[in-house]
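Hi,

Here is the structure for you to look over. My notes follow below it.

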Amino acid sequence: MIERIHLEILTAIKEHGTLTKAANSLHLSQSALSHSIKKLEGQVNTQIWQKDGRNLRLTAAGERIQSLANRVLPQFLHTELLLNQIAKGELGSLRIGMECHPCYQWLLRVIEPYLVQWPDIDIDVKQEFQFGALGALLSYEIDVLITPDPLFKPKITYIPVFDYEHRLVVSSSHKLAKQDFVLPEQLSEEVLFSYPVEPMRLDIFSQFLNPAKCSVKKHKIIETTEIMLQMVAAGRGVCALPGWLVDEYSKTMPIKSLGFGEQGISKQIFIGIRKDEQQVDYLNDFITQAKKTK
């Protein structure tokens, strides 16, 4: 009853708003679009769209079908791409989703030897996801997901690639710099810099401050690691980063890292892949290279 063309038409209407623009984007005539949807409306006995001035508005039924299109069309496109590459004798592409903001330097060290080993593989790195990173993996928008905080799902396998300690970063001249570790209450007057991640997903809150019913004076968002560390080095505040990353930057910047409490915060970086692709050679070799790279 519902065909792929219906999904593509409603997606185009949702994006462009008018029948003319939708038809142009699909390289079809307006009458062909109208006839296809009218036929579907007759089969389901309900309206799919309504006129709203010069625009078209999807009904509840249309929205439901378009929601299906969001999930299904990327899988169509992904499969067609793979089939086309197989037909041409090409291996394909590796689309990497990143949920680990400070991991780019590490990822570059993984990619360099991998590209030598797999010269026919194209690599793309994505960080913005319309439906979230896990949703992007499930809907075939990305092929692997790099994350320190896996959300386990039946169709996804997570492989741990390396361990690290999450640490507090302060200026070398900061009053805490001489300590080996920090206590939650010692951060009550500090400005905390972090990446644009929800506070509930930040380990400094979920594993350190919140359990102790403590907080910081102010929480500010900074998107880039270099700017964040420059602010910390200048004594403007503190941040929390993987210990291996702080060790790299501390060679050239006046910063110091401390453990979170006596026990510290131990973390792992995981690579998530779809279970039905566990036997794909170029995916497995990427994971193998990631495990060897520190």
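Start with Asn 45. It is exposed, because its relative accessible area is 71% and the cut-off for exposed is over 50%. Asn 45 sits in the loop between helix H3 (30-44) and strand S1 (49-52). Its phi is near 60 degrees, a positive value in a residue other than glycine. Keep in mind that this is a predicted model.

Why does a positive phi deserve a note? Most residues other than glycine have a negative phi.

Tyr 140 is another case. It is not a glycine, yet its phi is positive, at about 70 degrees. Tyr 140 belongs to the loop between H6 and S5. Is Tyr 140 buried or exposed? Buried: its relative accessible area is 14%, and buried means under 20%.

Now the salt bridges. The count comes to twelve.

Arg 95 and Asp 143

- The closest N and O atoms of this salt bridge are 3.0 Å apart.
- Arg 95 lies in strand S3 (residues 92-98), and Asp 143 lies in the loop between helix H6 (133-138) and strand S5 (144-147), so the pair ties together parts that are 48 residues apart in sequence.
- Arg 95 counts as buried, because its relative accessibility is 15%.
- Asp 143 is buried as well, with a relative accessible area of 4%.

Lys 267 and Asp 149

- Here the closest N and O atoms of the salt bridge are 2.6 Å apart.
- This pair links distant parts of the chain: Lys 267 is in strand S12 (residues 265-274), Asp 149 is in the loop between S5 and S6, and they are 118 residues apart.
- Lys 267 is buried, since its relative accessible area is 8%.
- Asp 149 has a relative accessible area of 22%, so it is partly exposed.

Arg 274 and Glu 277

- The closest N and O atoms of this salt bridge are 3.1 Å apart.
- Both Arg 274 and Glu 277 are buried.

How do these pairs connect? Arg 95, Asp 143, Arg 274 and Glu 277 are linked in a network of salt bridges.

Next, strand S10 (residues 238-242). How many of its five residues are buried? Five of the five are, and the strand is mostly covered. Two of its neighbours follow.

- S6: strand S6 (residues 156-171) pairs with S10 in the antiparallel sense, over four bridges. Leu 168 stands opposite Ala 240 in S10.
- S8: strand S8 (residues 191-194) runs parallel to S10, and two bridges join them. Phe 193 has Cys 239 in S10 as its bridge partner.

A general point applies when you view these strands. In a regular strand the side chains alternate between the two faces of the sheet.

Last, the surface. Which residues form a positive surface patch? They are Lys 217, Lys 218, Lys 220 and Arg 236. One of them, Lys 218, is found in strand S9 (residues 218-221). Lys 218 counts as partly exposed, because its relative accessibility is 44%.

When you open the model, I would go in this order: the two positive-phi residues, Asn 45 and Tyr 140; then the salt-bridge network of Arg 95, Asp 143, Arg 274 and Glu 277; then S10 with its antiparallel partner S6 and its parallel partner S8; then the positive patch that includes Lys 218.

Best wishes

Definitions and conventions
Residues are numbered from 1 along each chain as its sequence is written. This is a predicted model: local features need pLDDT of at least 70, side-chain atom pairs count only at pLDDT 80 or more; totals for chains, interfaces and linings use all residues. Side-chain values use heavy atoms; hydrogens and water are left out. Patches are made of residues with over 30% relative accessible area and no salt bridge: like charges are joined within 9 Å, nonpolar side chains (Val, Leu, Ile, Met, Phe, Trp, Tyr) within 5 Å. Accessible areas come from the Shrake-Rupley method with a 1.4 Å probe; for residues, only the protein chains shown count as cover. A salt bridge is a side-chain nitrogen of Lys or Arg within 4 Å of a carboxyl oxygen of Asp or Glu. Lys and Arg count as positive and Asp and Glu as negative; His and the chain ends are not counted. The place of a charge is taken as NZ of Lys, CZ of Arg, CG of Asp or CD of Glu. Buried means under 20% relative accessible area, exposed over 50%, partly exposed in between (1.4 Å probe, protein chains only). Two strands pair if DSSP finds at least two bridges between them.
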